[in-house]
Amino acid sequence: MYVAVKGGEAAIANAHRLLADRRRGDRSLPSITIEQVVEQLGLAVDRIMAEASVYDRSLAALAVRQARGDMIEAIFILRAYRTTLPRFGYSEPIDTAGMLVERRVSATYKDLPGGQLLGPTFDYTHRLLDPSLIGDEPVAAPAMKEPGEQAMRVSDILDGEGLIEGDGQMPGGHVAGDLTREPMEFPMPRDLRLQALARGDEGFLLALAYSTQRGYGRTHPFVGEVRIGEVEVELDLPELGFAVSLGTIRVTECQMVNQFKGSAKQPPQFTRGYGLVFGQSERKAMSMSLVDRALRTDEFSEDIVAPAQDQEFVISHADNVQATGFVEHLKLPHYVDFQAELDLVRRMRRDHEAARAGQANGMKEAAE
Amino acid sequence: MNAQHTLDTAPGTAGRKEGMRLLARATLAELTAAWEAIADKPDVAPVRGPETGLVMVRGRIGGGGDPFNLGEATVSRATVRLSTGEVGHGQMLGTDKERARYAAIFDALFQNDAHRPAVEALHGLIAARLDREDQRKAEETAATRVDFFTMVRGED
Amino acid sequence: MGTQSQIYAGAFADPVFAAQSVFRTLMDSFARPGTIGRLSTQSSPPSPLGNASGAVALTLCDQDTAVWLSPALAKSAVSQWIAFHTGACVTEAKDEARFAFFEKGAAVPGFDQFALGTQEYPDRSTTLVVEVEALTGGQPLVARGPGIKTEIVVAPKGLPDVFLDFWTANRAIFPRGIDLVLTAEDSVLCLPRTTKLERE
């Protein structure tokens, strides 16, 4: 028999009303606008776009405002919204070599074509709280300088010597899979793994990447290159017979270079892990590239000895919307479930006590 | 698909493609100002949309390898038909359906000989603004380029 | 070769409400196999696709549903019309199609040439949308199965002679198999794979 219990309607309505009140906070303060969130909390917006897997600054800003700054809640809201939209198609692959670069650094070559472009980075700041930001002090305009040559890809430099593996190729005839359309299956090809990692939780990927550095999965990585900037998105219009540009998006790309001592099939060379993330998110792109490399065990005949190399473990737990759904559902009513468990434990307890009493009697009898 | 290119009869596909690229980046103010300036406005009938949906943005493994699906982006699009017969398409990132509708109108006007000069003027305006913005960004980034120099210590 | 007016015209005037209304009719018709559902909204697709079939296409097809068209439809402006208004791509492989469309009088190949789904995902099969001469007045068939209280007689006119054999074979591979939407004029009659058909 199933007995449905109703109730809580008024409580829920009032809870929502209270949430709206707490979200607004002190009414004597001006409310934050979406534009302010986009402009002044841009990296929070970027993280929401990356992990919701939806590129739209305004919607991401709305989501984080609605979520009172709770990032995973904001990601959840944006993910939910995307399901209401029709799919128009798949873009032409973006060309990161043709990026309008805003930052590009390499840890492998000091003097490389295009140079080390620091861009708007936290690196080399003192990480001291800045009291001037308590108020609204004027901020100087950026310095300007005549641009130099186009920043060439670092992987192309090493490629000239034949010391590095090429860009990733899938087996002939492979069609890129889409996680949003087909259920996950393992083993999962690299293209699908990259899609899962690109929308994976930054904290989870960071921890896994860190674990590879601490010895859980042998790696010896260098940042060949991190670049941030705008790339064009083009969509093929069948009704016209050509692709048109829809505008630009900002992405972060990381080429992680790893030493590889070679195998029976391959000579010693550098292998690569790849990271590509919506928005400006170096930490995520670097973590993604380390985890991507760690997961390529089958390509390099490596033993799976660490969590970061186990694709089923990594991919199944990288999505924070799935994770939060399953963890947080535990707080929802489980009254009937628990009642059944309670009965079971009571019965086991009775059996246990009866057995103990029986044992005690047996010992007594034996002693007599 | 023998009929795929039948619609592509507007003079200068390259010009139209570049025009659509620019219209995708136009601000609402630029579009409405250009529309207001047109003297003999044709009537505009919707054919599809304006509507907002998603495009799956693809990247390449390793930057230049085989494609993979990176994540989706919001896109708004519209198709309109002018009373003079031309059909135009507008599509751009984001959720602004009004901009998409205007972009479709100007794509249609571009195919009309009488209106093309006005559309080309709008294209020029947008292109000039984008050039200024890109140039500014490039110069700001260039100012953060590291100039390495070697410190000489000691006598020899 | 399609002209602009053939391709761009003829979709729903009010896409959201029209699609909802057609979807409701289709859902009810699949829930009550053998009943005739009248579409309150119609499309005017390029010939030779019928109006009701066009409405079904506009309602059910999208970017994720590959569509197969009968040879006559594939040659017409219909493929571009469907592509433009629904986003669906037209495929030549029957077993990759989620929907297959046939104009009135078209030859219908064996159902097993289409996608039949798998044991794990029986939903991944093709739905055939077949326009017939009329939904009544043909050879009477007795339908039984889920959604039918006892039995109902259906008599679509203009089905190929081998239809009953095809349908019986389709029933035999349940839970796999195709589903069928018959259309005529402004109406539909749906036969899900669960329905059993016999001669009266």
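## Chain C: burial and overall form

In this predicted model, 42% of the 200 residues of chain C count as buried. Chain C holds six helices and 10 strands. Its radius of gyration is 16 Å, close to the 16 Å that the globule rule gives for 200 residues, so chain C is as compact as a globular protein of that length.

Along the principal axes, the C-alpha atoms of chain C fill a box of roughly 50 × 30 × 30 Å. Take the contacts in chain C between residues at least 6 apart in sequence: 68% of them join residues at least 24 apart.

## Chain B: a spread-out chain

Chain B has four helices and three strands. Along the sequence they follow the pattern α-α-β-β-β-α-α. The radius of gyration of chain B is 21 Å, well over the 15 Å that the globule rule gives for 156 residues, so chain B is more spread out than a compact globule.

The span of the C-alpha trace points to the dimensions: about 85 × 40 × 30 Å along the principal axes of chain B. Of the 156 residues in chain B, 45% count as buried. Among its contacts between residues at least 6 apart in sequence, 52% join residues at least 24 apart.

## Where chain B touches chain A

How many residues does the contact take from each chain? Chain B gives 53 residues and chain A gives 68 residues. On the chain B side, the elements that give two or more residues are helix 1 (13-23), strand 1 (44-60), strand 2 (67-82), strand 3 (87-93) and helix 4 (116-142). Strand 2 of chain B supplies the largest share of that side, with 10 residues. By type, the chain B side divides into 20 nonpolar, 19 polar and 14 charged residues.

Strand 2 of chain B also pairs with a strand of the other chain. Its partner is strand 1 (residues 54-55) of chain A, and the two pair in the parallel sense over two bridges. Here A:Tyr55 stands opposite B:Ala73 of strand 2 of chain B.

## Helix 4 of chain A

Helix 4 (residues 57-66) of chain A has 10 residues, and seven of them are buried, so this helix is largely enclosed by the rest of the structure. Which residues of helix 4 of chain A are buried? They are A:Arg57, A:Leu59, A:Ala60, A:Ala61, A:Leu62, A:Ala63 and A:Val64.

From chain A it includes helix 2 (34-40), helix 3 (42-52), strand 1 and helix 5 (71-82), and from chain B it includes strand 2. Just after helix 4 of chain A comes A:Arg68, which takes a positive phi of about 55 degrees.

## An open sheet in chain A

Chain A also has an open sheet of four strands. The order is 3-4-5-6, and the pairing is antiparallel. Which strands lie at the edges? They are strand 3 (100-105) and strand 6 (269-278) of chain A, each pairing on one side only. Neighbouring strands of this sheet are turned against each other by 25 degrees on average, direction ignored.

One pairing in the sheet shows the detail. Strand 3 of chain A and strand 4 (residues 221-237) of chain A run antiparallel and are joined by five bridges. A:Val101 has A:Gly229 in strand 4 of chain A as its bridge partner.

Definitions and conventions: Residues are numbered from 1 along each chain as its sequence is written. Chains are lettered from A and ligands numbered from 1 in the order in which they are written. This is a predicted model: local features need pLDDT of at least 70, side-chain atom pairs count only at pLDDT 80 or more; totals for chains, interfaces and linings use all residues. Two residues are in contact if their C-beta atoms, placed from the backbone, lie within 7 Å. Ala, Val, Leu, Ile, Met, Phe, Trp, Tyr, Cys and Pro count as nonpolar, Asp, Glu, Lys and Arg as charged, and the others, Gly among them, as polar. Two strands pair if DSSP finds at least two bridges between them. Axes are lines fitted to C-alpha atoms, for helices over the stretch in contact, and angles run from 0 to 180 degrees between N-to-C directions. The radius of gyration is taken over C-alpha atoms; the globule rule is 2.2 Å times the number of residues to the power 0.38. A residue is buried if 20 or more other C-beta atoms lie within 10 Å of its own, exposed if 12 or fewer, and partly exposed in between; C-beta atoms are placed from the backbone.
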